[in-house]
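Subject: Structure handover

Hello,

Here is the structure we discussed, with the sequence alongside. My notes on what turned up in it follow below.

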Amino acid sequence: MKKEKQQVKNSLKKLMKMTLTQLCLSILMTTFLFAGSPKAQDILNKPVSIRLENAELRDALAQIERTADVQFVYSSKAIQANRKVTIAANNKRLSDVLDATLKPLKIGYKVIGGQIMLNADLKKEELPPLSTSDINNHKPLKINAGQPITGTIKDEKGEPMPSINIIIKGTTKGTQTDLDGKFSIEAEVGQVLVISSVGYIKQEVTVTKDMATLNIVLKEDLATLGEVTVVGSRGKPRTDVERPVPVDVLSAKELQLTGQTDLGQMVQFNSPSFNSAKTGINGVANYADPATLRGLSPDQVLVLVNGKRRHQFSALNLNVTVGLGTVVTDMNSIPALALDRIEVLRDGAAAQYGSDAIAGIVNVGLNKSVGVGTFRTQYGVTKEGDGSNYMGALNYGFKLGKKEGGFLNMTLHYQHADGTDRSDFYNPQPVAGGTYTGIYSNTRATDDSIRKARGFWPATDSFRVTKYGSNQNTAYQGFYNLNLPLSNGWNLYSFGGASLKDVLAYGFFRVATATNANSTPEIFPNGYAPELPGKTVDYSTVVGVNRQVKDGWNMDFSTAYGYNYLDLWANNTTNPSMGASSPTDFYVGRSSFGQSTTEANLSKNFKDFLGTKSFNLALGSQLRIDQFKLGAGSPESYLAGPLATTKGKAPGSSGRPGIANTDETDQKRTNIGIYADVESDITDKFLVAAALRYENYSDFGSNISGKLATRLKLTEGFSVRGSINKGFRAPSLQQVFSSQTTSTVQAGAIVQTKQLPNSDTRLAQLGIEQPKAENSWNYNIGVTAKAGEKFLFTLDAYQIDITDRIIVSERMLSSAIPAVKTLFPGISEIRFFTNHINTTTKGIDFVSTFKQAINEKQRFTASLALTLNETKITKIKDTPSQLSAGATSKILIIDTVSISLIETAQPRQKAHLALGYQIGKFNLGWRTSYFGEVTAWEKPSGKPHISQTFGAKMLHDANITYAITPKILVTLGANNLTDVYPDRVAKNFAGYSNGQIPFTRNANQFGFNGASYYVNATVNF
């Protein structure tokens, strides 16, 4: 008791000598340390298991942070963090591990506010004063809070760098350099400034007590010319010039500079191997643009998001256009502002990623930014004054959790585009002396007389009867990308989004001639053009956990679900067979497709394995469940009314017959796959990669695919590379189980046209086998060259051989094929899917990039990319004898028109030249795109096939961007500046349709809207 009284007296004597400020600080410090001590002890008592040998101190501290879920605060320079340490601890207390590791290095430590502060000479009396809020909330210790720092960031040539990000690590606080490369920021001693920009090596600088100015020189990363890629490899990321296979990397900025608003069109005008064009009056292609790679089919390219498989569209394309009989992946359901970049792998990759990756892969990398927001809006219109479009999008990244690397990046996107119309004036007799097809009569004089009397259609002036162009569409989209660090190196991640698109398409004009099978004069006395609305909805989510460590096994476990449905209507039309009692609006039905994917991936880099520089082994498995459904439309959309037999009127909603209740389906299948993947730097110059994958499908059996690739550096800037792989594509559920019945009237009787599911047992009696997987062999050889930091090019030649390629058959007419008539009574024709052809695709891809800094405020960039490509059918299987038995003429399962869609309907040559010039606050851009010729065929009734070739064209785009401030940018641009259109369809072709289709629907070149202009504003915050 006496001892305690003496301690009190001593304390009072000290207090009497203190100033008021010192007294307050002393009380606060004592209170903080007393309140914090139990928490500090809890931290230091945490168990740690770690084994490191001869590792840098900074790496050891990072691993302790992950293992024990703690955070260190230190200056790398002060503690000399590059020193080597060896640690071996098994379930030891953190304090014991720190004592054993840090004391020999003369580094002290102390727990303050939940963090562990390290210092070479840390003494208690050197601790800074604390604020009341820090003490009450146990926040991390603040040292010299709000210390102002100014500086300049330049490149290696001494040129100022504008718009460089400076972020305080672990927070959302940051700034950007101005046009002169200067910045100002307030930061606390011990905090870390992260300086980064795409194309340059990131730098981290720890704030010190006396730091007032900071001048940084950013070094150009290899990623500037050869972008670092992940797709196509489960080993370490590499630049494209170091990869054994070719990859195009398209940054978000490059995509934006096209002036396009749809993601598919952005890629179309950046990557010559990728082809996608808008279309009109073309069935399912109205609602999801067909997109292809290397001239193959839309379903022979695999789309990934953040390296995970993306679900496909639900509906099957059965119109005579590119991708006939295939299912696409709708890239336009992903908002462009949600992207960080797109990687286009131009090589087969089924051995690594599974079915569909015959032509290659498009990997969509999502935005990961934190503490930075972007609002972008754009308005555009065509030269003709139609097709006005508006887009508004917002992206922001939130820091998630307390640990470095946690984020939630979110994007909202709205877009509306009015339709365009490029139809010609209606011409009832496009060829002199040919057939006259009038609105009211097939006799010119009678038709002219009725038009004049009714006054609905001009008697003398020209007029249009439908709309043929880009469809009106409105899109509402949202996407997110999330990562949350857990403990012991584990991360929880998730990404996905939703998209709703309303599309309005149009059908061909139905004349008012009373005898026409599609006319309903009782309702539309002047004829009608069906309006065909569609609503397509996509949603998807991926949830997983992964663990990435410097040594040991990296692990990734995830599950995903993606879903699409398409609801279709037919408005402003009739069911002609119902006459005056027909409704004018119909619900046509719904197609839907869902895909569930669960996978596990493991990888480890074995250092110095068998003397190699690196040896990465990856193993994994995947379970996939697909489900396809067809739901019936309203009964009036498919039934046959009384006028079908009495007046020969067509049953079903005209323009788009409904899905009948007999065609409803609900089918599932499962697929299990396992793979092994090896990638090794045998030496610094010689790289070898190999993969093997086994998959088993519940409906058609198993498949084995494999890949071997290599790269040899002949010099530091010049390499040769090559690959060979065996791939496959499983028949889609839509191909196997799609069913549609369309009724027509022939000789006064109702007959049906039937798209048959392959589950129909009658097909086997015709010798038609169940579809099996397409198989491919893909060969690639190329060279890569890099001259300093200014110029690089890659040149790759390839060949893709596909056997058992799946096609949809021609229409098998019962009137011409006795076997069909016997097995399918009351059905006029059938169609089905079958493995029927072999194809070979050969091509050359060339990509080059050049950049030059002229002076401090002027930069020039240029890129040239081109592809030369040709696909040929090398074998057509014989028609089964059971099908052709008794037929008097040759029965072809594939005919000339369908062959042309595979061989000549896409450009064989495509090139992009892009130039950029920056001068001060202005950025000037120019792009020239070359699209090679395409050829379309058609079969006139009772005559031989005829074809028309549409010549090669060159399009020019220009844009100018002005930086009002470093964060506010305005762009003015023009696409197709010289107003180039494809060649017009010859008027003697049935496909001209009396002027309704002046530009072919049966080939895919570059669209037909002509010139367009836009203004774009971007605000970064």
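Of the 1021 residues in the protein, 54% are buried. Please keep in mind that this is a predicted model. The protein has 16 helices and 49 strands. Among contacts with a separation of 6 or more, 69% are between residues 24 or more positions apart.

Nonpolar cores

The largest nonpolar core has 32 residues, and Leu255, Leu263, Met331 and Ile342 have the most contacts inside it. Two or more residues of this core come from each of helix H8 (263-268) and the strands E17 (291-293), E18 (301-305), E20 (339-345), E21 (360-366), E26 (490-506) and E38 (791-808). Beyond its neighbours within four places in sequence, Leu263 touches Leu255, Met331, Asn332, Ile334, Leu339 and Ile342. Another core, of 30 residues, lies apart from the largest one; Tyr287, Val328, Leu568 and Ala570 are among its members.

Sheets and strand pairs

Strand E6 (residues 147-155) runs parallel to E12, and six bridges join the two. Within this pair, Ile153 stands opposite Ile216 in E12.

Gly373 is placed opposite Tyr396 in E23. The hairpin of E22 and E23 has six residues between the strands, and Gly385 in this hairpin takes a positive phi near 90°. E23 also pairs with strand E24 (residues 407-417), again in the antiparallel sense, over eleven bridges. Here the bridge partner of Phe398 is Leu408 in E24.

Aromatic residues

The structure holds 30 aromatic pairs. In one of them, the ring centres of Tyr468 and Phe1008 are 4.7 Å apart and the planes are at 15°, so the pair counts as stacked.

Tyr561 and Tyr563 form another stacked pair, 6.4 Å centre to centre with 15° between the planes. Are these two residues buried or exposed? Tyr561 has 34% relative accessibility and therefore counts as partly exposed. Tyr563, at 15% relative accessibility, counts as buried, because the cut-off for buried is under 20%.

Ring pairs also link Tyr426, Phe456, Trp457, Phe463 and Phe509 into a cluster.

Charges over rings

Two arginines are worth a look in the viewer. The charged end of Arg294 sits over the ring of Tyr798, at 3.5 Å from the ring centre. Arg464 lies over the face of Phe425, and the distance to the ring centre is 4.4 Å.

Regards

Technical notes:
Residues numbered from 1 in each chain as written. Predicted model: local features only at pLDDT ≥ 70, side-chain atom pairs only at ≥ 80, totals over all residues. Heavy atoms only, no water. Pairing = 2+ DSSP bridges. Helix = DSSP H or I, 4+ residues; strand = E, 2+ residues; numbered from the N terminus. Phe/Tyr/Trp six-rings, centres within 6.5 Å; stacked < 30°, edge-to-face > 60°. Buried < 20%, exposed > 50% of the residue type's maximum accessible area, 1.4 Å probe, protein only. Lys NZ or Arg CZ within 6 Å of the ring centre and 35° of its normal. Core = buried A, V, L, I, M, F, W, Y, C linked by side-chain atoms within 4.5 Å. Contact = heavy atoms within 4.5 Å.
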